[in-house]
Amino acid sequence: MKRYETYKDSGIKWIGEIPKHWVVNKFGRSAFFQEGPGLRRWQFTDEGIKVICVTNIVPPVIDFSKMIKYISKEEYEESYKHFKVNKGDIMLASSGASWGKVAEYVNDETVILNTSTIRLNENDEKVLEKEFIKWVIMSSYISENLNILLTGSCQPNFGPTHLNKLVCVYPKSKSEQIQIANYLEQKTTQIEELIANKEQLIQLLEEERKAIINQAVTKGLNPDAQMKDSGINWLGEIPEHWKNHRIDWIAKLIRGNTGLKKDELLDKGEYVALQYGKTYKVNEVNNTFKYYVNSEYYKQSQIVNFGDTIIISTSETIEDLGHSCYYNRNDLGLIGGEQILLKPDSRFIFNKYLYYYSKKIGSVLQKYAKGLKVLRFKIDDLKQISIPLPPIQEQIKIVKYLDSEMGRIRSLKKLYKKEIELLKEYKTTLISEAVTGKIDVREEVLN
């Protein structure tokens, strides 16, 4: 993309040259910003005036779908009217893991700021157009400098005093600011649409993965096989030559109870530490899994061997309950709590076939879930489940097919994730280059 005709030194190391007709100014002199009040928990009510919290800043907009807090209308009128957020205001998260997130308030409903949120707009001198302010505050050169100024160790945060220390560059011409803002609005929207398409493809691949496993372990690979009723209401028909087995007949079930704590795990050790918090999102424990403990945690009954399957039996979300992973290592592991270990009996079931079938029964185990904040099922619930099994050689053939298909799906997901990463990097670079004048977008055609 083309550059401006002439440049000058900005005098700021991390910005470098800027277009000759641009200016350098303190951010505090160029825009208005206001930090929210320190509302206390007891001030929140069941209805009234909505309060924008950090959680509600979900770029590109303010989202109240997951959490809403209110203060009373009386308290708003008496003490907090000057914290009202106006339509078109830019909201900036200033604390915690969400710091630096930017969203625009696009509604007419009366709402106010809260702690750790900052409202931005034009100042009295109207140096910067509000449309341009959004892109300045979203640029990497601003976020990188805020990162240097952050205070707090456990809970990083910043405030108006930090924003006052920032320097920004911009064209004096309001029309040029609007041109840049309009261009970035269009281009970033296009980029976000591309990212959304890639994420949708990943979701479709995940659905395909589940469908392929389900089909293979319940119907087999032969589409012309004679079928029979499985006798299991959630399973339907199975190939005629398959035989049902209760899961505790063909595998040893062990409740994990080794006291493995996250903060006690090592980078190197004698045993692989299969701690719940490290396994509930993993499909395979292989040599990339780098969590260990030493012999003080050893329990003979809790040993995990190659080919074993681990099922998550406790979770805060129904989606994670029943998740399973395959132990693909030759060194010994130790199973932690909140999990059930399945040790396959090689006379009846091929080890990885049990793992693939566990993906089918995960959704069945969710039906046994009990609890409110924490959901769990019992080992006795797992014992009620039956597995229809083909002969061992057919199981091995199905596993080879599934390994191939899972490899294909993993490769595609990896490709799409890399493309998403590159698109996000491009978006970040584009914003920063446009708002620092490294590229000239004034004549770019907006279709």
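Guide: In this predicted model, a residue is called buried when its relative accessible area is under 20%.

Visitor: Why is T279 called buried?

Guide: T279 has a relative accessibility of 0%, and the cut-off for buried is under 20%, so T279 counts as buried. This residue lies in helix α8, which runs over residues 276-279. If residues up to four places away in sequence are not counted, T279 touches L274, F289, I312, H323, C325 and Q339.

Visitor: How do you know whether N351 is buried or exposed?

Guide: The relative accessible area of N351 is 18%, and since buried means under 20%, the conclusion is that N351 is buried. N351 has its place in helix α9, made of residues 351-365.

Visitor: Which residues does N351 contact, and which side chain is joined to that of N351 by a polar contact?

Guide: Leaving aside neighbours within four places in sequence, N351 is in contact with F306, G307, T309, Y326 and P344. Of these, Y326 has a side chain joined to that of N351 by a polar contact of 3.3 Å, a value that falls within the 3.5 Å limit.

Visitor: What makes a group of residues a nonpolar core, and how many residues has the largest nonpolar core?

Guide: The members must be buried residues of nonpolar kinds such as Val, Leu, Ile or Phe, joined through side-chain atoms within 4.5 Å. The largest such core has 88 residues, and those with the most contacts inside it are F27, L120, I137, L163, L184, I247 and L382. I137, when neighbours within four places in sequence are left aside, is in contact with F27, I90, L92, V102, L120, I142 and L163. A second, separate core has 21 residues, among them V51, C53, I71 and A93.

Visitor: How does the radius of gyration of the protein stand against that of a compact globule?

Guide: For 447 residues a compact globule would have a radius of gyration near 22 Å, whereas the protein has 29 Å. Along its principal axes, the C-alpha trace spans about 80 × 55 × 45 Å.

Visitor: How many helices and strands are there, and what share of the residues is buried?

Guide: The protein has 11 helices and 29 strands, and buried residues make up 48% of its 447 residues.

Technical notes:
Residues numbered from 1 in each chain as written. Predicted model: local features only at pLDDT ≥ 70, side-chain atom pairs only at ≥ 80, totals over all residues. Heavy atoms only, no water. Helix = DSSP H or I, 4+ residues; strand = E, 2+ residues; numbered from the N terminus. Buried < 20%, exposed > 50% of the residue type's maximum accessible area, 1.4 Å probe, protein only. Polar contact = N/O pair within 3.5 Å; in protein donor to acceptor, adjacent residues only side chain to side chain. Contact = heavy atoms within 4.5 Å. Rg over C-alpha atoms; globule rule 2.2 N^0.38 Å.
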